[in-house]
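Look over the sequence and the model before reading on.

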Amino acid sequence: MNGGPSGFTNAPVTRAFIIASVLFTIFFGIQSRFNSLGLSYQDIFGKLRLWKLIMSIFSFSSTPELMFGLYLLYYFRVFERQIGSNKYSVFIVFSILTSLLFEVLAVALLKDPTANLVTPGPYGLIFASFVPFFFDIPVSTRFRVFSFLFSDKSFIYLAGLQLLLSSWKRSILPGMCGILAGSLYRLNVFYIRKAKFPELISSFFSRFSLPSMGSPRAASARNVAGSVPSYPTRQMERNYPAPMQSAIEPPEDSITTLVAMGFDRNSARQALVQARNDVNAATNILLEAQSH
């Protein structure tokens, strides 16, 4: 299972965030300052080291955490493609700030002046993304390993579980705070899901991040959910071969799933026919048509 077309096509904000995480992690790794980035009661309420709140957003504390974290951030770029870079920027800011608030409250309640209770890294954003991943990404395939039933989503859950338990209690706390932040976003508190940044701010990420090697040009941030244009059948046929004449009519729930992502109903049906009713493959067809 993948998050759509390869690379960072239509995902400039994700690309910028991943670049920042890599640079911050390398910087603090070279200086061997990973252990100093964890949040503790003394840092926040004693010495008022508020800079650690900012630094801990991007930098992971170890190479394994960096690898699993980047893998999940890269996969979750699918949400930027679904709702557009502008609204995804709002999701990032809301998830990070809300999870940080929960982390500070948890540290204040535990009141342990010596222990680093929160490991650094963008746990808030990553685990907030698991909420729409659970509700909005459909299962396309299921398979059995011995007597256990798995789906194509199981690999993402396993990577998230590995990251959640990477530093034990220090990583579980920010992970849970991230899930709470993602749940509040989905519940649309303060109508946050309708919020948007000015176009000048959202387009900054497109100019800031480095271009992807071999990927098509990113679509404009104006292509948000509900405003994705209809793509002609001929354009999709240039990228994918015509389906077999005996293709089964797409089920209504699959069409509804794609329409909920912001795609035109007729284009969604055509993509499902070409993808043999595979929702993930149909999503890839529509996204690739959008990028041309």
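## The largest pocket

Ten nonpolar, three polar and four charged residues make up the lining of the largest pocket. The model is a predicted one. The volume of this largest pocket is about 450 Å³. Its lining counts 17 residues, and those closest to the pocket centre are Q82, I83, D136, R193 and A260.

Which helices each supply at least two residues of this lining? They are α5 (77-83), α6 (85-110), α7 (123-136), α9 (169-186) and α12 (252-260).

How many cavities of 30 Å³ or more does the model hold? The count is four.

The largest cavity holds about 100 Å³ of space. It is lined by 14 residues, and S56, I57, L100, E103 and G121 are the closest to its centre. By class, the lining of the largest cavity has eight nonpolar residues, five polar and one charged. Helices α3 (51-58), α6 and α7 each give at least two residues to this lining. The largest share comes from α6, with four residues. Helices α6 and α7 also each supply at least two residues to the lining of the largest pocket.

Take α6 and α7 to begin with. Their axes come within 8 Å and cross at roughly 115°. The two helices, α6 and α7, are therefore roughly perpendicular to each other. The crossing of α6 past α7 is right-handed.

Now take α4 (residues 63-75) against α7. Here the axes come within 10 Å, and the crossing angle is roughly 45°. Helix α4 is therefore oblique to α7. The crossing in which α4 passes α7 is left-handed.

## Annotated transmembrane regions

What does the record say about the chain? An unreviewed UniProt entry lists "transmembrane region" for residues 12-30, 50-76, 88-110, 122-139, 146-165 and 171-192.

Two of these spans can be set against the model. Residues 122-139 are 78% helix and 0% strand. The end C-alpha atoms of that span are 26 Å apart. Residues 146-165 are 55% helix and 20% strand. In the span 146-165, the end C-alpha atoms lie 25 Å apart.

Terms used
Residues are numbered from 1 along each chain as its sequence is written. This is a predicted model: local features need pLDDT of at least 70, side-chain atom pairs count only at pLDDT 80 or more; totals for chains, interfaces and linings use all residues. Side-chain values use heavy atoms; hydrogens and water are left out. On a 1 Å grid over the protein atoms alone, a cavity is a set of points where a 1.4 Å probe fits but cannot get out, and a pocket is an open set with protein on both sides within 12 Å along at least five of seven lines; lining residues have an atom within 4 Å of a point. Grid points are joined across faces, edges and corners, and a volume is the space filled by probe spheres set on the points. Ala, Val, Leu, Ile, Met, Phe, Trp, Tyr, Cys and Pro count as nonpolar, Asp, Glu, Lys and Arg as charged, and the others, Gly among them, as polar. UniProt positions are given in the numbering used here, feature names are shortened, and annotations may be inferred rather than shown by experiment. Axes are lines fitted to C-alpha atoms, for helices over the stretch in contact, and angles run from 0 to 180 degrees between N-to-C directions. Angles under 35 degrees count as roughly parallel, over 145 as roughly antiparallel, 65 to 115 as roughly perpendicular and the rest as oblique. A crossing is left-handed if the near helix is turned anticlockwise from the far one by less than a right angle, and right-handed if clockwise.
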